[in-house]
Amino acid sequence: MCGQSKHVRRKKEIRARVEKLLHLIQLEPLAKRFPTQLSGGQRQRVALARALAVEPKVLLLDEPFGALDAKVRKELRRWLRNLHDEIHVTTLFVTHDQEEALEVADRVAILRAGRIEQIGTPEEIYDHPASPFVYDFLGNVNLFSGRVKDGAVVIGDTAFSAPETAGETESDAIAFVRPHDVRITREPGGQKAFAALVIRCNAAGPLANLELEREGGGLFSAQLTKEEFQQLQIKPGEQVFVELKNVKVFADDYSI
């Protein structure tokens, strides 16, 4: 009888643990379904629950959402972020999706050819990239050839502030600028802007994406809010003037 009592108690403990995990992954109503009756995202949640069942001290997730479509991936990473805040288990999350890493992680490590390029919070990594590789890896970026001079980078005939270069000797450099840091105006703006030709506009969605060409050659992209785009009434073939903000400068002998 003692052995039977232990068996019954053990079954109750297992059932309670399963119910707790189902609640954790928000799949309690689907407890009696077979794996083939679950969606891809639901199966990923079940796989995570199985890993958590043994109460690990460290959890490794290697491209857990790689086979899922974009919409499901976004839903699952929000869910995983909330889950992590609740259970507080140290998790090593491996991904090639930069947006995914920046949204889910407390700290991010960028690896290149098996070596760590930079470690920091998502904000530190994105706002203060330590190398051209990190800057280029974390989203779209425009590259402008120029020269460092007197705490600025001169692109063509236009100088843009680059205070981190103050004190450096004059030399060739590459200026890195995110598309959302490209400001478009109708007026020249004195010595702080250069002229560009609008090649293409795509205003579908909440943001407008523009492709432009500098005078003298060189394509680059800009990203405006829908309100900015509608206010400027920009069309392909028109000339506009460009100001660059948050310019990051690297030596021209960099290698991405």
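**Burial, strand pairing and salt bridges in the predicted model**

Valine 108 is buried, its relative accessible area being 6%; buried denotes under 20% relative accessible area, exposed over 50%, and partly exposed the range in between (1.4 Å probe, protein chains only). The model is a predicted one, in which local features need pLDDT of at least 70 and side-chain atom pairs count only at pLDDT 80 or more, whereas totals for chains, interfaces and linings use all residues. Residues are numbered from 1 along each chain as its sequence is written, and side-chain values use heavy atoms, with hydrogens and water left out.

Valine 108 belongs to strand S3 (residues 108-112); helices (H or I, at least four residues) and strands (E, at least two) are DSSP runs, numbered from the N terminus. Leaving aside residues up to four places away in sequence, valine 108 touches Ala101, Leu102, Gln118, Ile119, Gly120, Pro122 and Ile125, a contact being heavy atoms within 4.5 Å. Proline 122 is 14 residues from valine 108 in sequence, with a C-alpha to C-alpha distance of 6.1 Å.

In the protein, seven helices and 14 strands are found. Of its 256 residues, 35% count as buried. Among contacts with a separation of 6 or more, 61% are between residues 24 or more positions apart. The accessible surface amounts to about 16,000 Å², and 51% of this belongs to carbon and sulfur atoms; accessible areas come from the Shrake-Rupley method with a 1.4 Å probe, and for residues only the protein chains shown count as cover.

Five strands form an open sheet in the order S9-S13-S10-S11-S12, with antiparallel pairing. Strand S9 (182-185) and strand S12 (219-225) are the edge strands, each pairing on one side only. From one strand to the next, the twist averages 45°, where axes are lines fitted to C-alpha atoms, for helices over the stretch in contact, and angles run from 0 to 180 degrees between N-to-C directions. Four bridges connect S9 with strand S13 (residues 239-244) in the antiparallel sense; strands are taken to pair if DSSP finds at least two bridges between them. Arginine 183 stands opposite glutamate 243 in S13.

The structure contains 12 salt bridges, each defined as a side-chain nitrogen of Lys or Arg within 4 Å of a carboxyl oxygen of Asp or Glu. Within helix H3 (residues 70-87), arginine 81 and aspartate 85 lie four residues apart, about one turn of the helix, and their side chains meet in a salt bridge (2.5 Å, N to O). Arginine 81 counts as buried at 15% relative accessibility, whereas aspartate 85 is partly exposed at 40%. A salt bridge also joins the side chains of arginine 186 and glutamate 238 (3.1 Å, N to O). This pair links distant parts of the chain, 52 residues apart: arginine 186 is in the loop between S9 and strand S10 (194-202), and glutamate 238 is in the loop between helix H7 (226-232) and S13. Arginine 186 is partly exposed at 33% relative accessible area, as is glutamate 238 at 25% relative accessibility. Salt bridges with shared partners join Arg73, Asp97 and Glu100 into one network.

On the surface, Leu60, Leu92 and Val94 form a nonpolar patch with about 270 Å² of accessible area together. Patches are made of residues with over 30% relative accessible area and no salt bridge, like charges being joined within 9 Å and nonpolar side chains (Val, Leu, Ile, Met, Phe, Trp, Tyr) within 5 Å. Leucine 60, in strand S1 (residues 58-62), is exposed, with a relative accessible area of 56%.
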